[in-house]
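This report goes through selected features of one protein model. Please look at the sequence and the structure before reading on.

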Amino acid sequence: MKEFNIYLTGVGGQGIGLLSEIILRAVDHAGLPVKGVDTHGLAQRGGIVVSQIRIGEHVFSPLIRPGFADLVVALERHEALRGMIGYLGEGGVLIYYNAVWQPLDVRLKKTPEVSEAQISQACQKRHVRQYAVFREDLPDSRMQNVALLASIDKLNLIPDVESKHFLKAMDDLMTGKMLDLNVDLFNRIRETA
(Lines give C-alpha, C1' and ligand atoms only; values in the text may rest on other atoms or scores of the structure.)
Protein backbone atom coordinates (compact mmCIF):
# COMPACT_ATOMS: atom_id res chain seq x y z
CA MET A 1 0.00 0.00 0.00
CA LYS A 2 1.04 3.57 -0.66
CA GLU A 3 2.01 5.54 2.43
CA PHE A 4 -1.00 7.04 4.24
CA ASN A 5 -0.67 9.60 7.05
CA ILE A 6 -3.32 10.41 9.68
CA TYR A 7 -3.01 13.41 12.00
CA LEU A 8 -5.43 13.44 14.96
CA THR A 9 -5.94 16.46 17.17
CA GLY A 10 -8.20 17.53 19.99
CA VAL A 11 -8.31 18.89 23.50
CA GLY A 12 -7.48 16.98 26.66
CA GLY A 13 -10.47 14.99 27.86
CA GLN A 14 -12.02 14.40 24.42
CA GLY A 15 -10.68 10.88 23.92
CA ILE A 16 -8.01 11.44 21.27
CA GLY A 17 -5.79 8.78 22.89
CA LEU A 18 -8.50 6.13 22.68
CA LEU A 19 -9.48 7.13 19.14
CA SER A 20 -5.85 6.94 18.06
CA GLU A 21 -5.34 3.54 19.66
CA ILE A 22 -8.50 2.14 18.04
CA ILE A 23 -7.36 3.33 14.60
CA LEU A 24 -3.83 2.02 15.17
CA ARG A 25 -5.10 -1.42 16.19
CA ALA A 26 -7.68 -1.51 13.40
CA VAL A 27 -4.94 -0.87 10.83
CA ASP A 28 -2.88 -3.62 12.46
CA HIS A 29 -5.88 -6.00 12.37
CA ALA A 30 -6.18 -5.20 8.65
CA GLY A 31 -2.64 -6.57 8.27
CA LEU A 32 -1.02 -3.29 7.31
CA PRO A 33 2.31 -2.00 8.65
CA VAL A 34 1.65 0.96 10.96
CA LYS A 35 3.47 3.28 13.32
CA GLY A 36 1.97 5.79 15.73
CA VAL A 37 2.89 8.33 18.37
CA ASP A 38 0.86 10.42 20.85
CA THR A 39 1.54 13.60 22.79
CA HIS A 40 -0.32 13.60 26.09
CA GLY A 41 1.54 16.32 28.02
CA LEU A 42 -1.29 18.84 28.12
CA ALA A 43 -4.19 16.40 28.29
CA GLN A 44 -5.03 16.96 31.95
CA ARG A 45 -5.15 20.74 31.60
CA GLY A 46 -7.49 20.97 28.62
CA GLY A 47 -4.56 21.58 26.30
CA ILE A 48 -3.96 20.29 22.79
CA VAL A 49 -3.51 16.54 22.35
CA VAL A 50 -2.07 15.18 19.11
CA SER A 51 -1.63 11.68 17.70
CA GLN A 52 0.07 10.76 14.47
CA ILE A 53 -0.40 7.49 12.59
CA ARG A 54 1.53 6.45 9.51
CA ILE A 55 0.63 3.43 7.41
CA GLY A 56 2.80 1.79 4.77
CA GLU A 57 5.70 -0.52 3.98
CA HIS A 58 8.32 2.22 3.80
CA VAL A 59 7.35 4.17 6.91
CA PHE A 60 10.24 4.36 9.36
CA SER A 61 9.08 7.12 11.72
CA PRO A 62 5.64 7.84 13.20
CA LEU A 63 6.06 11.61 12.81
CA ILE A 64 4.26 13.39 9.96
CA ARG A 65 5.93 16.35 8.33
CA PRO A 66 3.76 19.48 8.18
CA GLY A 67 1.74 19.48 4.96
CA PHE A 68 2.01 15.70 4.44
CA ALA A 69 -1.08 14.29 6.22
CA ASP A 70 -3.62 12.59 3.97
CA LEU A 71 -6.31 12.73 6.65
CA VAL A 72 -6.77 15.13 9.55
CA VAL A 73 -9.17 14.01 12.28
CA ALA A 74 -10.16 16.68 14.81
CA LEU A 75 -12.47 16.57 17.81
CA GLU A 76 -13.35 20.26 17.76
CA ARG A 77 -13.44 23.22 15.34
CA HIS A 78 -10.39 25.21 16.48
CA GLU A 79 -8.22 22.12 16.29
CA ALA A 80 -9.75 21.21 12.92
CA LEU A 81 -8.62 24.49 11.42
CA ARG A 82 -5.20 24.37 13.07
CA GLY A 83 -4.59 20.74 12.06
CA MET A 84 -5.77 21.30 8.50
CA ILE A 85 -3.61 24.40 7.98
CA GLY A 86 -0.54 22.94 9.66
CA TYR A 87 -0.54 19.30 8.62
CA LEU A 88 -2.97 18.42 5.84
CA GLY A 89 -1.55 18.03 2.36
CA GLU A 90 -3.11 19.65 -0.70
CA GLY A 91 -6.20 17.69 -1.73
CA GLY A 92 -6.39 15.77 1.56
CA VAL A 93 -9.43 15.08 3.76
CA LEU A 94 -10.50 16.84 6.96
CA ILE A 95 -13.09 15.25 9.22
CA TYR A 96 -14.00 16.96 12.47
CA TYR A 97 -16.49 16.85 15.28
CA ASN A 98 -18.45 20.07 14.98
CA ALA A 99 -18.20 21.27 18.57
CA VAL A 100 -16.17 23.96 20.29
CA TRP A 101 -13.94 23.68 23.34
CA GLN A 102 -12.86 27.28 23.56
CA PRO A 103 -9.13 27.87 23.83
CA LEU A 104 -8.04 30.36 26.47
CA ASP A 105 -7.56 33.18 23.91
CA VAL A 106 -11.20 32.80 22.82
CA ARG A 107 -12.48 32.77 26.41
CA LEU A 108 -10.48 35.90 27.13
CA LYS A 109 -11.95 37.49 23.98
CA LYS A 110 -8.51 38.01 22.42
CA THR A 111 -9.34 35.78 19.45
CA PRO A 112 -12.71 35.12 17.78
CA GLU A 113 -14.24 31.64 17.82
CA VAL A 114 -13.59 29.59 14.67
CA SER A 115 -16.72 29.17 12.55
CA GLU A 116 -17.77 26.43 10.15
CA ALA A 117 -17.58 29.02 7.35
CA GLN A 118 -13.91 29.74 8.12
CA ILE A 119 -13.10 26.05 7.96
CA SER A 120 -15.00 25.68 4.66
CA GLN A 121 -13.19 28.66 3.11
CA ALA A 122 -9.78 27.35 4.18
CA CYS A 123 -10.64 23.90 2.79
CA GLN A 124 -11.79 25.31 -0.56
CA LYS A 125 -8.55 27.24 -0.99
CA ARG A 126 -6.54 24.03 -0.56
CA HIS A 127 -8.91 21.66 -2.43
CA VAL A 128 -9.58 19.75 0.79
CA ARG A 129 -12.64 17.54 1.19
CA GLN A 130 -14.26 18.21 4.54
CA TYR A 131 -16.79 16.42 6.68
CA ALA A 132 -18.34 17.95 9.80
CA VAL A 133 -19.86 15.43 12.22
CA PHE A 134 -22.30 16.22 15.00
CA ARG A 135 -24.71 13.94 16.85
CA GLU A 136 -27.46 15.17 19.15
CA ASP A 137 -28.26 11.61 20.22
CA LEU A 138 -25.02 10.69 22.01
CA PRO A 139 -25.68 8.82 25.26
CA ASP A 140 -22.55 10.52 26.65
CA SER A 141 -20.60 13.50 25.26
CA ARG A 142 -17.39 11.52 25.76
CA MET A 143 -18.51 9.32 22.85
CA GLN A 144 -17.80 12.02 20.26
CA ASN A 145 -14.62 10.15 19.35
CA VAL A 146 -16.55 6.99 18.43
CA ALA A 147 -19.11 9.05 16.49
CA LEU A 148 -16.18 10.42 14.48
CA LEU A 149 -14.68 6.92 14.10
CA ALA A 150 -17.97 5.54 12.75
CA SER A 151 -18.10 8.37 10.21
CA ILE A 152 -14.50 7.66 9.16
CA ASP A 153 -15.49 4.04 8.59
CA LYS A 154 -18.73 4.88 6.82
CA LEU A 155 -16.92 7.24 4.43
CA ASN A 156 -14.07 4.73 3.88
CA LEU A 157 -11.47 7.37 4.71
CA ILE A 158 -8.71 4.93 5.70
CA PRO A 159 -7.77 2.65 2.79
CA ASP A 160 -8.05 -1.13 3.31
CA VAL A 161 -9.46 -0.81 6.86
CA GLU A 162 -12.99 -2.18 7.27
CA SER A 163 -15.71 -2.06 9.92
CA LYS A 164 -14.71 -5.47 11.28
CA HIS A 165 -11.19 -4.16 11.96
CA PHE A 166 -12.51 -1.16 13.92
CA LEU A 167 -14.90 -3.38 15.89
CA LYS A 168 -12.11 -5.84 16.75
CA ALA A 169 -9.93 -2.94 17.93
CA MET A 170 -12.77 -1.62 20.10
CA ASP A 171 -13.19 -5.10 21.57
CA ASP A 172 -9.46 -5.13 22.38
CA LEU A 173 -9.66 -1.85 24.28
CA MET A 174 -13.07 -1.74 25.97
CA THR A 175 -15.22 -4.03 28.09
CA GLY A 176 -18.69 -4.27 29.55
CA LYS A 177 -21.16 -1.42 29.25
CA MET A 178 -18.55 0.93 27.74
CA LEU A 179 -17.95 -1.53 24.89
CA ASP A 180 -21.66 -2.20 24.37
CA LEU A 181 -22.62 1.49 24.20
CA ASN A 182 -19.77 2.38 21.86
CA VAL A 183 -20.36 -0.57 19.51
CA ASP A 184 -24.07 0.28 19.41
CA LEU A 185 -23.29 3.91 18.52
CA PHE A 186 -20.70 2.84 15.92
CA ASN A 187 -23.19 0.50 14.23
CA ARG A 188 -26.07 3.02 14.33
CA ILE A 189 -23.99 5.70 12.62
CA ARG A 190 -22.64 3.29 10.00
CA GLU A 191 -26.15 2.15 9.12
CA THR A 192 -27.75 5.60 8.77
CA ALA A 193 -28.28 7.04 5.30
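This is a predicted model: local features need pLDDT of at least 70, side-chain atom pairs count only at pLDDT 80 or more; totals for chains, interfaces and linings use all residues.

## Helix α6 and its buried face

Helix α6 spans residues 163-173, and its buried residues are Ser-163, His-165, Phe-166, Ala-169 and Met-170. Viewed along the axis of α6, these buried residues fall within an arc of 165°, so they line one face of the helix.

What do the buried residues of α6 pack against? Their partners are α1 (16-29), α5 and α7.

## Aromatic pairs

A pair of aromatic rings is described by two values, the distance of the centres and the angle of the planes. The model has 3 aromatic pairs. One of them joins Tyr-7 and Tyr-87, with 4.0 Å from centre to centre and 10° between the planes, and this pair is stacked. Tyr-7 belongs to strand β1 (residues 4-11) and Tyr-87 to helix α2 (residues 77-87), so the pair ties together parts that are 80 residues apart in sequence. Tyr-7 is buried, with a relative accessible area of 2%.

The rings of Phe-166 and Phe-186 also pair: their centres are 6.3 Å apart and their planes are at 55°, so this pair is tilted. Because Phe-166 lies in helix α6 and Phe-186 in helix α7, the pair ties together parts that are 20 residues apart in sequence. Phe-186 has a relative accessible area of 0% and is buried.

Which residues line the second largest pocket? The lining is made up of Leu-18, Asp-140, Arg-142, Met-143, Asn-145, Val-146, Met-178, Leu-181 and Asn-182. By type, the lining divides into 5 nonpolar, 2 polar and 2 charged residues.

Two helices, α5 (144-154) and α7, each supply at least two residues of this lining. Helix α7 gives the most, with 3 residues.

## Asn-182 in the lining

Asn-182 is one of the residues that line the second largest pocket, and it is found in helix α7, which runs over residues 176-191. Is Asn-182 buried or exposed? Its relative accessibility is 5%, and buried means under 20%, so Asn-182 counts as buried.

Leaving aside residues up to four places away in sequence, Asn-182 touches Met-143, Val-146, Met-170 and Met-174. Met-143 and Val-146 are also among the residues of the pocket lining.

Glu-79 is placed in helix α2. At 6% relative accessibility, Glu-79 counts as buried. Apart from residues up to four places away in sequence, Glu-79 touches Thr-9, Gly-10, Val-11, Ile-48 and Ala-74.

Lys-35 lies in strand β2 (residues 34-39). Lys-35 has a relative accessible area of 34%, so it falls between the limits of 20% and 50% and is partly exposed. Its contacts, again without residues up to four places away in sequence, are Leu-24, Gln-52, Ile-53, Arg-54, Val-59, Phe-60, Ser-61 and Pro-62. How far apart are Lys-35 and Glu-79, in sequence and in space? They are 44 residues apart in sequence and 22 Å apart in space, C-alpha to C-alpha.

## Two residues with positive phi

Most residues other than glycine have a negative phi. His-127 has a positive phi of about 55° although it is not a glycine. His-127 lies in the loop between α4 (116-125) and β6 (129-133). With a relative accessible area of 58%, over the 50% limit, His-127 is exposed.

Asp-160 also has a positive phi, of about 70°, and it is not a glycine either. Where does Asp-160 lie? Its place is the loop between α5 and α6. At 51% relative accessibility, Asp-160 counts as exposed.

Conventions. Residues are numbered from 1 along each chain as its sequence is written. Side-chain values use heavy atoms; hydrogens and water are left out. Helices (H or I, at least four residues) and strands (E, at least two) are DSSP runs, numbered from the N terminus. Buried means under 20% relative accessible area, exposed over 50%, partly exposed in between (1.4 Å probe, protein chains only). Contact means heavy atoms within 4.5 Å. On a 1 Å grid over the protein atoms alone, a cavity is a set of points where a 1.4 Å probe fits but cannot get out, and a pocket is an open set with protein on both sides within 12 Å along at least five of seven lines; lining residues have an atom within 4 Å of a point. Ala, Val, Leu, Ile, Met, Phe, Trp, Tyr, Cys and Pro count as nonpolar, Asp, Glu, Lys and Arg as charged, and the others, Gly among them, as polar. The arc is that of the directions from the helix axis to the C-beta atoms. Rings of Phe, Tyr and Trp (its six-membered ring) pair if their centres lie within 6.5 Å; planes under 30 degrees apart count as stacked, over 60 as edge-to-face and the rest as tilted.
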